[in-house]
Amino acid sequence: MKVSENIQHINENIQRACERSGRRMEDVHVVAVTKYVSIDRAEEAVEAGLLHLGENRDEGLISKWDVLRDKARWHFIGSLQSRKVKNIIDKVSYIHSLDRLSLAKEIHKRADKPVSCFVQVNVSGEGSKHGISPDEVKEFVGSLKDLSNIKVVGLMTMAPQTDDEPFLRSCFRQLKTIQEEVRSLNLPYAPCTELSMGMSNDYVIAIEEGATFIRIGTALVGND
Ligand SMILES: *Cc1c(COP(=O)(O)O)cnc(C)c1O
């Protein structure tokens with residue numbers, strides 16, 4: 001399928017989800033996750049109008065960035081080893097996977113201006129998932145206050161792989177609750193207005209529950 005056809009279909013779903021939940025479509029940003037696909041396919045996505053690209057490994061991000069550069073805004077969405085921060089820091093607009101203080105310190109040290117970060121939260125409590133546990137998020141955000149190159153724009157979660165809609169909904173709703181708690185602290189370095197949640201299988205539910213950045217790979221650009 002052409003990316004442009006996939007976008008059309010996804011945009012219809014986004015529009016309907018926004019209508020159902022009384023939200024504005026322009027408040028939902030699509031991050032095209034290109035981690036499975038070629039540089040050519042990523043370029044097709046950009047030409048189809050997708051301006052946010054997401055990668056989960058430094059090599060993948062760098063090889064695509066080398067070709068596409070400022071035609072897109074780059075999102076790092078995968079778990080990030082501290083020693084790799086220096087490879088990507090001057091290329092990315094957003095890091096979605098801030099999950100520990102040592103990583104925050106490395107980002108702060110390597111960046112020459114504030115980086116928009118999402119704190120990754122492990123809402124479902126699955127052992128295999130990265131992320132801060134829900135009851136530790138506020139304390140973690142507090143610990144970032146002296147790191148002037150960290151800007152906490154929002155929270156991110158990866159929901160479990162399941163078709164259990166009520167369960168997915170409750171995960172997304174919990175993330176929104178924590179996001180609003182952090183936002184209401186009015187910390188200058190942590191506006192925390194954004195919610196990065198929803199992937200190919202669950203983005204409609206995520207939008208209904210308040211997602212502002214959805215990260216879509218398979219349904220948008222494919223996975224081979
Ligand atoms: C791969 C990935 C996605 C996209 O997954 P799809 O199911 O292919 O849409 C989104 N977020 C993260 C963190 C990922 O690693």
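Q: In which loop does N186 lie?
A: This is a predicted model, in which local features need pLDDT of at least 70, side-chain atom pairs count only at pLDDT 80 or more, and totals for chains, interfaces and linings use all residues. Helices (H or I, at least four residues) and strands (E, at least two) are DSSP runs, numbered from the N terminus. In these terms, the place of N186 is the loop between helix 7 (165-183) and strand 7 (194-196).

Q: Is N186 buried or exposed?
A: Buried means under 20% relative accessible area, exposed over 50%, and partly exposed in between, with a 1.4 Å probe and protein chains only. The relative accessibility of N186 is 65%, and N186 therefore counts as exposed.

Q: What is the phi angle of N186?
A: Most residues other than glycine have a negative phi. N186, a residue other than glycine, has a positive value. Its phi is near 55 degrees.

Q: Which loop holds R69, a residue with phi near 45 degrees?
A: The phi of R69 is positive, although the residue is not glycine. R69 counts as partly exposed because its relative accessibility is 39%. Its loop runs between helix 3 and strand 3 (73-76).

Q: How many helices and strands does the protein chain have?
A: The count covers the whole protein chain. It gives nine helices and eight strands.

Q: How compact is the protein chain for its length?
A: The radius of gyration, taken over C-alpha atoms, is compared with the globule rule, which is 2.2 Å times the number of residues to the power 0.38. For 224 residues the rule gives 17 Å, and the radius of gyration of the chain, 17 Å, is close to that value. The C-alpha atoms fill a box of roughly 45 × 40 × 30 Å along the principal axes. The chain is therefore as compact as a globular protein of that length.

Q: What percentage of the contacts with a separation of 6 or more join residues 24 or more positions apart?
A: Contact means heavy atoms within 4.5 Å. Among the contacts in the protein chain with a separation of 6 or more, those between residues 24 or more positions apart account for 56%.

Q: How are helix 2 and helix 3 oriented to each other?
A: Two packed helices are described by the angle between their axes and the distance between the axes. Axes are lines fitted to C-alpha atoms, for helices over the stretch in contact, and angles run from 0 to 180 degrees between N-to-C directions; under 35 degrees is roughly parallel, over 145 roughly antiparallel, 65 to 115 roughly perpendicular, and the rest oblique. The axes of helix 2 (residues 39-47) and helix 3 (residues 58-68) come within 10 Å and cross at roughly 55 degrees. The two helices are therefore oblique.

Q: Which residues of helix 3 meet helix 2?
A: From helix 2, the residues in this contact are I39, A42, E43 and V46. Their partners in helix 3 are S63, K64, V67 and L68.

Q: How do the residues of this contact divide into nonpolar, polar and charged?
A: Ala, Val, Leu, Ile, Met, Phe, Trp, Tyr, Cys and Pro count as nonpolar, Asp, Glu, Lys and Arg as charged, and the others, Gly among them, as polar. By this scheme, the contact of helix 2 with helix 3 has five nonpolar, one polar and two charged.

Q: Is K64 buried or exposed?
A: K64 lies in helix 3. Leaving aside neighbours within four places in sequence, K64 is in contact with T34, V37, S38, I39, A42, E55, R69 and W74. At a relative accessibility of 4%, K64 therefore counts as buried.

Q: Which residues does L103 touch, not counting those up to four places away in sequence?
A: L103 is in helix 5 (residues 101-110). Its relative accessibility is 0%, and L103 therefore counts as buried. The residues it touches are L80, S82, V85, S97 and L98.

Q: How far apart in space are R20 and I207, C-alpha to C-alpha?
A: R20 belongs to helix 1 (residues 3-21) and is exposed because its relative accessible area is 52%. Not counting residues up to four places away in sequence, R20 touches V204 and E208. R20 and I207 are 187 residues apart in sequence, while their separation in space is 9.7 Å.

Technical notes. Residues numbered from 1 in each chain as written. Heavy atoms only, no water.
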